[in-house]
Amino acid sequence: MKLRLVPEQIQLLKEEFLKVNKDKNSVLADRMINSDEIKASDEGKGFSFSSATYQEETEFIQLTSRQREIAKIIENSLVVSEYHEDYIDLGTVFEISFLDDEEPEIYTLVEKRVSTESSSGNNRFISLDSPIGRSVYGKRESEPFACVIPGGDLCAGVITKVYSEEKAKAYRKQNIKVQEKKI
């Protein structure tokens with residue numbers, strides 16, 4: 001079954017892929033600069049560096065692994081493109097007023113967190129597999145919700161707004177532009 005992602009998640013994964021690639025190239029460049037000897041590998045695929053440290057090698061392998069993982073996530077996902085305006089479903093942009101907070105906060109319900117995506121700033125995600133995600137799923141504007149979060153604390157609030165498809169798309173477009181400017 002394919003993982004369903006919202007457009008912001010795809011954008012963040014692409015950004016992470018580019019950052020990982022940049023980090024990989026940096027590790028490789030450092031290895032080349034600090035190498036005592038560079039020679040073609042036995043398999044004829046690239047080069048080997050005689051002074052590569054265990055740490056450099058491990059970092060390069062970890063970065064390559066994460067890059068493959070990101071590519072696989074993107075390849076095996078579907079982009080959520082239809083949004084419900086009257087209740088919270090995957091991809092819905094909505095506003096919550098938590099009982100212990102004065103300002104309402106805007107979130108997007110996602111199937112699963114897939115990246116080092118931030119829960120602050122312009123992209124705020126609530127995962128369907130989290131206690132809050134399960135408690136807001138299917139809720140409508142003005143409906144209360146409550147759940148127990150890890151650590152045993154009660155989390156409660158009210159759905160103050162469910163964005164229309166048009167407003168949700170405008171919100172997403174704005175956030176993707178903000179993310180692109182950060183690169």
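**Aromatic cluster and surroundings**

Tutor: Phe94, Phe98, Tyr107 and Phe145 are linked into a cluster by ring pairs. Rings of Phe, Tyr and Trp (its six-membered ring) pair if their centres lie within 6.5 Å; planes under 30 degrees apart are stacked, over 60 edge-to-face, the rest tilted. The model is predicted: local features need pLDDT of at least 70, side-chain atom pairs count only at pLDDT 80 or more, and totals for chains, interfaces and linings use all residues. Residues are numbered from 1 along each chain as its sequence is written, and side-chain values use heavy atoms, without hydrogens and water.

Student: How many aromatic pairs does that rule give?

Tutor: The count is three. In one of them, Phe98 and Tyr107 have ring centres 6.2 Å apart and planes at 90°, so the pair is edge-to-face.

Student: Is Phe98 buried or exposed?

Tutor: Phe98 is buried, because its relative accessibility is 11%. Buried means under 20% relative accessible area, exposed over 50%, partly exposed in between (1.4 Å probe, protein chains only). Tyr107 is buried as well, at 9%.

Student: And what about Phe98 with Phe145?

Tutor: They form an edge-to-face pair, 6.0 Å centre to centre with 80° between the planes. Phe98 is in strand β5 and Phe145 in strand β8, so this pair ties together parts 47 residues apart in sequence. Phe145 is buried at 4% relative accessibility.

Student: What is the secondary structure of the protein chain?

Tutor: Four helices and nine strands. Helices (H or I, at least four residues) and strands (E, at least two) are DSSP runs, numbered from the N terminus. The order from the N terminus is β-α-β-β-α-β-β-β-β-α-β-β-α.

Student: How much of the protein chain is buried?

Tutor: Buried residues are 38% of the 183 residues.

Student: Switching to the surface. Which residues gather in a patch of negative charge?

Tutor: Asp100, Asp101, Glu102 and Glu103. Patch residues have over 30% relative accessible area and no salt bridge, with like charges joined within 9 Å. A salt bridge needs a side-chain nitrogen of Lys or Arg within 4 Å of a carboxyl oxygen of Asp or Glu.

Student: Where is Glu102 found?

Tutor: In the loop between β5 (93-98) and β6 (105-110). Glu102 counts as exposed because its relative accessibility is 76%.

Student: What is phi of Ser142?

Tutor: Near 75°, a positive value in a residue other than glycine. Ser142 is in the loop between α3 (131-136) and β8 (144-148). Its relative accessible area is 58%, so Ser142 is exposed.

Notes: Patch = residues over 30% accessible without salt bridge, like charges linked within 9 Å, V, L, I, M, F, W, Y side chains within 5 Å. Areas by Shrake-Rupley, 256 points an atom, 1.4 Å probe, with all protein chains shown as cover. Lys, Arg positive; Asp, Glu negative; His and termini not counted. Charge placed at Lys NZ, Arg CZ, Asp CG, Glu CD.
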